[in-house]
Amino acid sequence: MIGYIQAHVLGRMRGLKFGMIALQQISLESAKLGKVLGSSVDIAMVPVIVYWGLWNNCYVKREDPDFDFEAVANWVDDNVTKPELLTPIIECLYQSRSVPAEEGAAVKDEKKSTT
């Protein structure tokens, strides 16, 4: 199934679904942060992507989420150095988009100036 993946997130296997709801919310959040989803993903967008993938899956299955954004953001922070966990999720997002990203889409760590 395109746009669906199971991953070990927040202590157990969970489904992430990148359907219309998730894609819309990820797009809105990226606009708020001034980020563009292109051939790579800014590290600031990873918690947003994981959260809305989890949430969209719960919505489709008519399940109540047992997580909140803070828990997801903390999980991403704790696992940001583990590409084997995050890369498949990002790749699933790109596979679900109507305009696929370039091959080798990866998480990009950008440093922002505080001035």
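1. The structure is a predicted model, in which local features need pLDDT of at least 70 and side-chain atom pairs count only at pLDDT 80 or more, while totals for chains, interfaces and linings use all residues. Residues are numbered from 1 along each chain as its sequence is written, and side-chain values use heavy atoms, with hydrogens and water left out.

2. On the overall layout, the secondary structure of the protein chain comes to four helices and four strands, where helices (H or I, at least four residues) and strands (E, at least two) are DSSP runs numbered from the N terminus. Read along the sequence, these elements follow the pattern β-β-α-β-α-α-α-β. Of the 115 residues of the chain, 39% count as buried. If contact is taken as heavy atoms within 4.5 Å, then residues 24 or more positions apart account for 65% of the contacts with a separation of 6 or more.

3. The largest nonpolar core has 28 residues, and L16, F18, I26, I49 and V50 are those with the most contacts inside it; such a core is a set of buried Ala, Val, Leu, Ile, Met, Phe, Trp, Tyr and Cys residues joined through side-chain atoms within 4.5 Å. Two or more residues come from each of β1 (4-9), α1 (20-33), α2 (46-61), α3 (69-79) and α4 (83-96), and α2 gives the most, with eight residues. Leaving aside neighbours within four places in sequence, I26 is in contact with F18, L37, M45, V48, I49, W52 and L93.

4. K35, placed in the loop between α1 and β3 (40-42), lies 8.0 Å from M45, C-alpha to C-alpha, at a sequence separation of ten residues. With a relative accessible area of 15%, K35 is buried.

5. The buried residues of α4 are L86, I89, I90, C92, L93, Y94 and S96.

6. The largest pocket holds about 170 Å³ of space. Of the 15 residues that line this pocket, R12, R14, G15, N57 and E63 are the closest to its centre, and the elements giving two or more residues to the lining are β1, β2 (12-17) and α2. The lining divides into six nonpolar, three polar and six charged residues.

7. N57, one of the lining residues closest to the pocket centre, is found in helix α2. At 7% relative accessibility N57 counts as buried, and, leaving aside its neighbours within four places in sequence, N57 is in contact with Y4, G15, L16 and K17.

Notes: Buried means under 20% relative accessible area, exposed over 50%, partly exposed in between (1.4 Å probe, protein chains only). On a 1 Å grid over the protein atoms alone, a cavity is a set of points where a 1.4 Å probe fits but cannot get out, and a pocket is an open set with protein on both sides within 12 Å along at least five of seven lines; lining residues have an atom within 4 Å of a point. Grid points are joined across faces, edges and corners, and a volume is the space filled by probe spheres set on the points. Ala, Val, Leu, Ile, Met, Phe, Trp, Tyr, Cys and Pro count as nonpolar, Asp, Glu, Lys and Arg as charged, and the others, Gly among them, as polar.
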